[in-house]
Amino acid sequence: MIDIDHFKNFNDNHGHLAGDKVLKRIADVMQSCLRKEDAACRYGGEEFTLILPDMDAQGAFAVAERIRLKLETTSLDLNETDSVRITASISIACLNREKSLETFIEKADDALYMAKKNGRNQTFIAQ
């Protein structure tokens, strides 16, 4: 799961059109870091989820870090004079047959909460 850091404040300060630019930039960055068999999906307002078939937690962590680092180093021009940098908090959870889908999502949510609680702009692997 990927959550854009402080997105509500961004929308409040810059407006929803600027927020849409951020969402589009995030989608572009995610797509540039994925394989053709992977999928990036919008999960909620400013949350996304990635589906990375046949990849373990360490491989998913590497993908997540590529996305996170690319986001934090990419400047987004809002207009002719203003630009911003975007950061995201990311969690990794692996689905297996021993866990229900609900448990899988709960673990991803818990890890995302930890990434945000511990300062944001980082990736956590669910335990």
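Color the protein chain by secondary structure and follow the sequence: the pattern reads β-α-α-β-β-α-β-β-β-α-β. That gives four helices and seven strands, where helices (H or I, at least four residues) and strands (E, at least two) are DSSP runs, numbered from the N terminus.

Before you go on, know that this is a predicted model: local features need pLDDT of at least 70, side-chain atom pairs count only at pLDDT 80 or more, and totals for chains, interfaces and linings use all residues. Residues are numbered from 1 along each chain as its sequence is written, and side-chain values use heavy atoms, with hydrogens and water left out.

Now zoom out. Along its principal axes, the C-alpha trace of the protein chain spans about 50 × 30 × 20 Å. Buried residues (under 20% relative accessible area, 1.4 Å probe, protein chains only) make up 35% of the 127 residues.

Next, select residues 57-72, which is helix H3. H3 has 16 residues and reaches 22 Å from its first C-alpha to its last, close to the 22 Å expected at 1.5 Å a residue (that is, 1.5 Å times one less than its number of residues).

Show side chains on H3. Which residues are buried in H3? They are Ala 60, Val 63, Ala 64, Glu 65, Ile 67, Arg 68 and Leu 71. An α-helix has 3.6 residues a turn, so residues three or four places apart point the same way.

Terms used
Buried < 20%, exposed > 50% of the residue type's maximum accessible area, 1.4 Å probe, protein only.
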